[in-house]
2 protein chains.
Amino acid sequence: MKKVKRTTIYDIAAKLGITASSVSRALNNSNQVNEKTRELIMKTADELNYKRNTLASNLRKGQSKTIGIVVPRINQNFFSNVIAGIEEATYQKGYNLIICQSNELHDKEIQCVNTLINQHVDCIVISVSADGNDYQHLQNVIDHGIQLIQFDRVADELETLKVINDNEQASFEAVSHLIEGGYKRIGLLEGPQNLAIFKQRKLGYLRAFKAYNVPVIDELIVENAWTKELGAAGTRKLLNLPHPPDAIFASTSDFSALGVLEVASAMGIKVPAELGVLGYANESFSEITSPSITTIDQFSFYMGNTVANLFFQELENTDTKTKPKIISIKPELIIRASTSKNK
Amino acid sequence: MKKVKRTTIYDIAAKLGITASSVSRALNNSNQVNEKTRELIMKTADELNYKRNTLASNLRKGQSKTIGIVVPRINQNFFSNVIAGIEEATYQKGYNLIICQSNELHDKEIQCVNTLINQHVDCIVISVSADGNDYQHLQNVIDHGIQLIQFDRVADELETLKVINDNEQASFEAVSHLIEGGYKRIGLLEGPQNLAIFKQRKLGYLRAFKAYNVPVIDELIVENAWTKELGAAGTRKLLNLPHPPDAIFASTSDFSALGVLEVASAMGIKVPAELGVLGYANESFSEITSPSITTIDQFSFYMGNTVANLFFQELENTDTKTKPKIISIKPELIIRASTSKNK
DNA sequence: CTGTTAGCGCTTTCAA
DNA sequence: TTGAAAGCGCTAACAG
């Protein structure tokens, strides 16, 4: 690939015998420029196949019209939907997205954040990785005057804009649904408790028991069961108990619920008659398993939209006194076959 | 968010009573700098929380260490996997990704490409949208001296680097599998024929018939059935024929195969006994439907990796004479329950 | 309405 | 090994 000399505003200016400032003004739709010269400039720019050098422009203006996104995994339904939601709302305002993935590794997350700071992004949107709980790098973002927005998996201790799901309430409603459906011994597959979202889901689980005056059975709670494989292992453990559960809430994801389904099927246990199964995230597959999985929709695309709008709102908001906003999106329980004991 | 004055190399230089050039040299690991001054500079940089301004650096160097990606949809399994594959390979070399989605709209695709040119990206990786077949904007990329790599959905007429799947062969093997499995009347759900990938899949379908000396039945070919809904509609039409097919190859995607499954189930037609079903893309759900769907894996993550490596290879390759490389990845037929007539 | 001028932060040649 | 100086392409304050 050989180096190509690109057309600059100087080339256009030279060709028309005017100065670069006029060209710049015309190109930026300033009204400080004669209508005829503008037309001429536009025409010439087009002829010379001029493309603005955003790098130079941004350097000069001290902003980048770029938003950096850091997620654990790009190719995970929830995250790619959030990103798509952000993209939709920001693109039309002329913003670009730089996307990084942390692979759930704290060190890579730090690297990503630093790269984004270097890039002078206007805003960093992040869902923190499961690994590690030191947030110096995020404090750093703030110190550099970059807007920081956390979503879904947030570091509570950091005072920033946040867009979260009401995990606790969703979880409460899910477990209530199980109890009302006649399930008595409800097991929980929980996620890493250093992530607030999983802690909240557990709290919702516990609150439901209290609300219905049902005692919590500790041995039915399985730690760290947040993949399909770990979910399956946890289920195997639960179902081999002297008093096995009659329902399992896979609070981490539908993948882990899938693990439950597979183990149950292998052990000849009927879902939902003998075992209720409830997942989380409304993955596309959850409606086509057999039986279909009752789950919780997180409105991921909408979440991305919300993040973007929050950013634009704060951009206009000059009042720095106000406390950083926290927007909570209420997830929705989607009832399907896997929890319909009495049908 | 108030403006924060960031530390620059001048701040570091001033504090140490040296010039910015030395600081720059130290920060760039030049060996033209005294070991002691380097250490001092590094230490001070750290103290002042210095972060390089990549914008300025790139402007000066005339490159951006950034790769632009344009895909129809970010939140589609295949594409997000390819992106993840690209990310993995480029991140460790210090490249950033700017990701745009065209939403299958030709106009938005043009906009995306122009934005990326403006950003002075070093390379544009694109899978073209289904809509439109004018490729002036891609020619433009080349004219601006930016490396262009097409993948999966490529514009054949453009001589660029390409990473594609051997769709024709995969399709051929898939249909051969159906024929050998005892299916006689095999229907085809085809995609928009202006996209080469769908044309190739149809060719493979036709070639299989020829290879086995089976006549092609035109009425079993349904145009433009590339979503779940369109796939379902096409299936309804096929199954209501006087001589309905005994197998359907949903060559566009597993989503459309899902549509087939649902219609068959609604009509009480047994899969695979009465109807064989074959999808495309090996979406995560395809192994958990009932019956599980026989499909074709495209190695999307690996495809992303390949794209990235191709870019780096060309970066080193100064020889511009050679024809642009086309790398073809052979997809793999994954045989599952939906085509096992005799079991 | 247009031109002049300075400078965003960095790299790189040339000279010392 | 270090410094001086120029300039990447663009914008914006100021002057005319």
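## Helices 6 and 7 of chain B

In this predicted model, helix 6 of chain B and helix 7 of chain B are roughly parallel to each other. Their axes, for residues 106-118 and residues 136-143 respectively, come within 10 Å and cross at roughly 10°; the two helices therefore count as roughly parallel, a term that covers angles under 35 degrees. On the side of helix 6 of chain B, the contact is made by B:His106, B:Glu109, B:Ile110, B:Val113 and B:Ile117. Helix 7 of chain B contributes B:His137, B:Leu138, B:Asn140 and B:Val141.

## Helix 6 in the two chains

Helix 6 of chain B has 13 residues, which at 1.5 Å a residue should span 18 Å; the end C-alpha atoms are 19 Å apart, in agreement with that expectation. The buried residues of this helix are B:His106, B:Lys108, B:Glu109, B:Cys112, B:Val113, B:Thr115, B:Leu116, B:Ile117 and B:Asn118. Among them, B:His106, B:Glu109, B:Val113 and B:Ile117 also take part in the contact with helix 7 of chain B. Just after helix 6 of chain B, a positive phi of about 55° is found at B:His120.

For helix 6 of chain A, the 13 residues should likewise span 18 Å at 1.5 Å a residue, and the 19 Å between the end C-alpha atoms agrees with this. Buried positions in this helix are A:His106, A:Lys108, A:Glu109, A:Cys112, A:Val113, A:Thr115, A:Leu116, A:Ile117 and A:Asn118. A:His120 follows just after the helix and takes a positive phi of about 55°, although it is not a glycine. This residue is placed in the loop between helix 6 (106-118) and strand 3 (123-126) of chain A. With a relative accessible area of 16%, A:His120 is buried.

## Relation between the two copies

How is chain B related to chain A? Chain B can be laid on chain A by a turn of 180° and a shift of 0.1 Å along the axis, with an RMSD of 0.1 Å. The two copies are thus related as by a two-fold rotation axis.

The interface fits this picture: 98% of the interface residues of chain B are also interface residues in chain A, so the copies meet through the same surface.

## Helix 11 of chain A

Helix 11 of chain A (residues 254-266) contains 13 residues and should span 18 Å at 1.5 Å a residue; its end C-alpha atoms are 18 Å apart, which agrees. Within this helix, A:Asp254, A:Ser256, A:Ala257, A:Leu258, A:Gly259, A:Val260, A:Leu261, A:Val263 and A:Ala264 are buried.

Against which elements do the buried residues of helix 11 of chain A pack? Their partners in chain A are helix 10 (228-239) together with strand 6 (186-189), strand 8 (247-250), strand 9 (276-278) and strand 10 (295-297).

## Loop residues of chain A

A:Asn49 is not a glycine, yet it has a positive phi of about 55°. A:Asn49 lies in the loop between helix 3 (35-47) and helix 4 (54-61) of chain A, and at 26% relative accessibility it counts as partly exposed.

A:Lys65 is located in the loop between helix 4 and strand 1 (66-71) of chain A. Its relative accessible area of 32% makes A:Lys65 partly exposed. Setting aside residues up to four places away in sequence, A:Lys65 touches A:Lys93, A:Gly94, A:Tyr95, A:Asn96 and A:Asp122. A:Lys93 is 28 residues from A:Lys65 along the chain, and the C-alpha atoms of the two are separated by 9.0 Å.

B:Val271 and B:Pro272 are joined by a cis peptide bond, with omega about 5°. B:Pro272 belongs to the loop between helix 11 (254-266) and strand 9 (276-278) of chain B. A cis peptide bond also joins B:Ser290 and B:Pro291, where omega is about -5°. B:Pro291 is placed in the loop between strand 9 and strand 10 (295-297) of chain B.

B:Thr306 is part of helix 12 (residues 300-316) of chain B. Is B:Thr306 buried or exposed? At 10% relative accessibility, B:Thr306 counts as buried. Apart from neighbours within four places in sequence, B:Thr306 is in contact with B:Val163, B:Ile327 and B:Ile329.

Methods: Residues numbered from 1 in each chain as written. Chains lettered and ligands numbered in written order. Predicted model: local features only at pLDDT ≥ 70, side-chain atom pairs only at ≥ 80, totals over all residues. Heavy atoms only, no water. Axes fitted to C-alpha atoms, helices over the stretch in contact; angles between N-to-C directions. Helix = DSSP H or I, 4+ residues; strand = E, 2+ residues; numbered from the N terminus. Parallel < 35°, antiparallel > 145°, perpendicular 65-115°, else oblique. Contact = heavy atoms within 4.5 Å. Least-squares fit on C-alpha atoms with pLDDT ≥ 70 in both. Buried < 20%, exposed > 50% of the residue type's maximum accessible area, 1.4 Å probe, protein only. Expected span 1.5 Å × (residues − 1).
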